[in-house]
Amino acid sequence: MARAVNPADKMIIQLLQRQGYIKSEAEKCLKRDVYQLKADEVAKVKNYATHFGIQAKQKIIDEILELRREALIGRLNRELSAQMSA
């Protein structure tokens, strides 16, 4: 079964494609910049899971991913605007 695609992920891929990325490159960038957690984030997630359970673990992961998506969309929009005005 395929995983559900977040609408923000589709938007990020479209923004990256406007900057010249092909779809597979855009997906790699998305995976690297959004989905790959750093060591300190993994430790935080494990700590939440230990203290608050699996539901809290999933909630903190979702929050981290959402913040990263918003930041990446903002950065890509700024870069695209700068390219258009140059």
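This is a predicted model: local features need pLDDT of at least 70, side-chain atom pairs count only at pLDDT 80 or more; totals for chains, interfaces and linings use all residues.
Residues are numbered from 1 along each chain as its sequence is written, and side-chain values use heavy atoms, with hydrogens and water left out.

**View 1. Helix 1 against helix 4.** Helix 1 covers residues 7–18 and helix 4 covers residues 54–85 (helices are DSSP runs of H or I with at least four residues, numbered from the N terminus). Their axes come within 10 Å and cross at roughly 25° (axes are lines fitted to C-alpha atoms over the stretch in contact, and angles run from 0 to 180 degrees between N-to-C directions). Helix 1 is therefore roughly parallel to helix 4 (angles under 35 degrees count as roughly parallel, over 145 as roughly antiparallel, 65 to 115 as roughly perpendicular and the rest as oblique). On the helix 1 side, A8, D9, M11, I12, L15, L16 and R18 meet R69, L72, I73, L76, N77 and L80 of helix 4 (contact means heavy atoms within 4.5 Å). The residues of this contact divide into 9 nonpolar, 1 polar and 3 charged (Ala, Val, Leu, Ile, Met, Phe, Trp, Tyr, Cys and Pro count as nonpolar, Asp, Glu, Lys and Arg as charged, and the others, Gly among them, as polar).

**View 2. Helix 2 against helix 4.** The axes of helix 2 (residues 23–35) and helix 4 come within 9 Å and cross at roughly 125°. This angle makes helix 2 oblique to helix 4. D33, V34 and Y35 of helix 2 meet L65, R68, R69, L72 and R75 of helix 4. The residues here divide into 4 nonpolar, no polar and 4 charged.

View 3. R68 lies in helix 4 and counts as buried, at 12% relative accessibility (buried means under 20% relative accessible area, exposed over 50% and partly exposed in between, with a 1.4 Å probe and protein chains only). Apart from neighbours within four places in sequence, R68 is in contact with D33, V34, Y35, Q36, L37, K38 and E41.

View 4. The structure holds 1 aromatic pair. The ring centres of Y48 and F52 are 5.5 Å apart and the planes lie at 55°, so the pair is tilted (rings of Phe, Tyr and Trp, for Trp the six-membered ring, pair if their centres lie within 6.5 Å; planes under 30 degrees apart count as stacked, over 60 as edge-to-face and the rest as tilted). Y48 and F52 are 4 residues apart in helix 3 (residues 39–52), so about one helical turn separates them. Y48 is partly exposed, with a relative accessible area of 32%, whereas F52 is exposed, at 60%.

Key:
Helices (H or I, at least four residues) and strands (E, at least two) are DSSP runs, numbered from the N terminus.
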